[in-house]
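Here is a short briefing for a first look. Start with the view below, then read the points by topic.

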Amino acid sequence: MGTTLLPGGAGKYVRGVDPACPRCQEPLTAPHMLLHCQNYKAQRDHLQAALHSHGLVYNLSNVLDPKEAARGPVFCALAKYLLDC
Ligand SMILES: [Zn+2]
């Protein structure tokens, strides 16, 4: 539980996977990638706009589990964010 396939999770267990963000040297976890990393700030703007347009605060809970009415648009914006990063 709590482990992801992001390097910050998998890198603790898989040899050859650096668990740190190459820019910040912080663990490359979902919160770091989605909320904090300055490396992805430009890509994050579109995702933040998608949440705000549905009255949602930009936080990890709303990004990964948005309310039903916003789920489609937020997940589309999340997919674009992940592909652009
Ligand atoms: Zn970073």
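Axes here are lines fitted to C-alpha atoms, for helices over the stretch in contact, and angles run from 0 to 180 degrees between N-to-C directions. On that basis, H3 and H5 pack at an angle of about 175°, with axes 9 Å apart. That makes H3 roughly antiparallel to H5 (angles under 35 degrees count as roughly parallel, over 145 as roughly antiparallel, 65 to 115 as roughly perpendicular and the rest as oblique).

This is a predicted model: local features need pLDDT of at least 70, side-chain atom pairs count only at pLDDT 80 or more, and totals for chains, interfaces and linings use all residues. Residues are numbered from 1 along each chain as its sequence is written.

**The chain**

- The chain has five helices and zero strands. Helices (H or I, at least four residues) and strands (E, at least two) are DSSP runs, numbered from the N terminus.
- Along the sequence, the pattern reads α-α-α-α-α.
- Of the 85 residues in the chain, 20% are buried. Buried means that 20 or more other C-beta atoms lie within 10 Å of a residue's own, exposed means 12 or fewer, and partly exposed is in between; C-beta atoms are placed from the backbone.
- Contacts need C-beta atoms, placed from the backbone, within 7 Å. Among contacts between residues at least 6 apart in sequence, 32% join residues at least 24 apart.

**Helix H3**

- H3 covers residues 41-52, 12 residues in number, and reaches 16 Å from its first C-alpha to its last, close to the 16 Å expected at 1.5 Å a residue. The expected span is 1.5 Å times one less than the number of residues.
- Arg 44, Leu 47, Ala 50 and Leu 51 are buried in H3. They sit on the same side of H3 because they cover an arc of only 115° around the axis. The arc is that of the directions from the helix axis to the C-beta atoms.
- An α-helix has 3.6 residues a turn, so residues three or four places apart point the same way.
- Turned away from the buried side of H3 are the exposed residues Ala 42, Asp 45, Ala 49 and His 52.
- The buried residues of H3 pack against helix H4 (60-64) and helix H5 (71-84).

**Helix H5**

- H5 has 14 residues and reaches 20 Å from first C-alpha to last, close to the 20 Å expected at 1.5 Å a residue.
- Val 74, Ala 77 and Tyr 81 are buried in H5. They fall within an arc of 65° seen down the axis, so they line one face of the helix.
- The face of H5 turned away from its buried side carries exposed residues, including Arg 71, Cys 76 and Leu 83.
- The buried residues of H5 pack against H3 and H4.

**Asp 84**

- Asp 84 belongs to helix H5. Asp 84 counts as exposed because it has 12 C-beta neighbours inside 10 Å.
- Asp 84 and Arg 44 are 40 residues apart in sequence and 9.6 Å apart in space, C-alpha to C-alpha.

**Gln 25**

- Gln 25 lies in the loop between helix H1 (7-10) and helix H2 (30-36).
- Gln 25 is not a glycine, yet has a positive phi of about 65°. Most residues other than glycine have a negative phi.
- Gln 25 is exposed, with 9 other C-beta atoms within 10 Å.

How values were computed
Contact = placed C-beta atoms within 7 Å.
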